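Please consult the sequence and the structure shown below.

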Amino acid sequence: MLKLILGGIKSGKSAFALKLCNNYKRKLYIATLEGNDSETKQKISKHRKERGSDWDLTEEPIDITNVIKLKHNKYEIILLECLNTWINNLLYYNLDANLYINNLIKFLNESKENLNLIIVSNEVGSSVIPENKTARDFINILGIANQKLAAAADNVSILFSGIPLKLK
């Protein structure tokens with residue numbers, strides 16, 4: 001089962017995703033955020049406290065497909081948060097984001113019957129179009145990645161002000 005959870009910043013995506021995982025015992029959280037400064041380190045600490053001690057954690061900013069491949073049989077549920085940070089990382093390290101996204105989609109399409117995976121991502125389609133080319137490239141890549149994931153997913157939800165709406 002593949003679930004995609006979309007929403008804007010502070011829309012309630014994380015809380016909703018965590019709630020969906022409450023009834024599972026063996027849980028893995030794949031974090032894509034790197035703690036490169038005091039703000040992100042505080043955010044990481046806050047997220048760890050919100051999850052509690054019953055989660056295993058893998059921090060992986062780049063090779064999330066491989067982590068899912070290697071670990072999906074060991075857990076009842078995997079929560080990947082978040083796709084937008086992952087894509088930001090790929091662009092930051094000057095990697096081919098489309099290649100990584102296509103590899104993830106290919107693996108998910110081939111394996112989703114054996115997976116129980118929730119992916120959290122920002123919905124940027126309603127955002128202001130930035131004047132900065134790098135920012136425009138980011139939202140275009142993320143928008144296309146969200147479309148591909150939504151097509152592959154069994155369930156898609158979007159959150160507005162903490163309220164989930166099921167799209168698929």
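Is Lys106 buried or exposed? At 51% relative accessibility, Lys106 counts as exposed, where buried means under 20% relative accessible area, exposed over 50% and partly exposed in between, with a 1.4 Å probe and protein chains only.

## Basis of the description

The model is predicted: local features need pLDDT of at least 70, side-chain atom pairs count only at pLDDT 80 or more, and totals for chains, interfaces and linings use all residues. Residues are numbered from 1 along each chain as its sequence is written, and side-chain values use heavy atoms, with hydrogens and water left out.

## The sheet

An open sheet is formed by 7 strands in the order E3-E2-E4-E5-E1-E6-E7, with mixed pairing. Strands are DSSP runs (E, at least two residues) and helices likewise (H or I, at least four), numbered from the N terminus; two strands pair if DSSP finds at least two bridges between them. Strands E3 (55-59) and E7 (163-166) are at the edges with a single partner strand each, so one side of each is left without a neighbour in the sheet. From one strand to the next, the twist averages 20 degrees.

Leu28 has Asp56 in E3 as its bridge partner.

## Helix packing

Two packed helices are described by the angle between their axes and the distance between the axes. Axes are lines fitted to C-alpha atoms, for helices over the stretch in contact, and angles run from 0 to 180 degrees between N-to-C directions. Angles under 35 degrees count as roughly parallel, over 145 as roughly antiparallel, 65 to 115 as roughly perpendicular and the rest as oblique.

Helix H5 (residues 97-111) and helix H3 (residues 64-71) have axes that come within 9 Å and cross at roughly 25 degrees; the two are therefore roughly parallel to each other. Contact (heavy atoms within 4.5 Å) joins Ile64, Thr65, Ile68 and Lys69 of H3 to Tyr100, Asn103, Leu104 and Phe107 of H5. This contact comprises 5 nonpolar, 2 polar and 1 charged residues; Ala, Val, Leu, Ile, Met, Phe, Trp, Tyr, Cys and Pro count as nonpolar, Asp, Glu, Lys and Arg as charged, and the others, Gly among them, as polar.

The axes of H5 and H6 come within 10 Å, crossing at roughly 10 degrees, and these helices are therefore also roughly parallel to each other. Residues in the contact include Ile101 and Leu108 of H5 and Ile141 and Leu149 of H6. By class, the contact of H5 with H6 has 8 nonpolar, 3 polar and 1 charged residues.

## Salt bridges

The count comes to 4 salt bridges, each being a side-chain nitrogen of Lys or Arg within 4 Å of a carboxyl oxygen of Asp or Glu. In one of them, the closest N and O atoms of Lys27 and Asp54 are 2.7 Å apart. Lys27 lies in strand E2 and Asp54 in the loop between helix H2 (38-51) and E3, so the pair ties together parts 27 residues apart in sequence. Lys27 is buried at 3% relative accessibility, whereas Asp54 is partly exposed at 41%.

Glu110 and Lys106 are 4 residues apart in helix H5, a separation of about one helical turn. Glu110 counts as exposed at 52% relative accessibility. Asp154 and Lys112 also meet in a salt bridge, at 4.0 Å from N to O. Asp154 is partly exposed at 34%, while Lys112 is buried at 17%.
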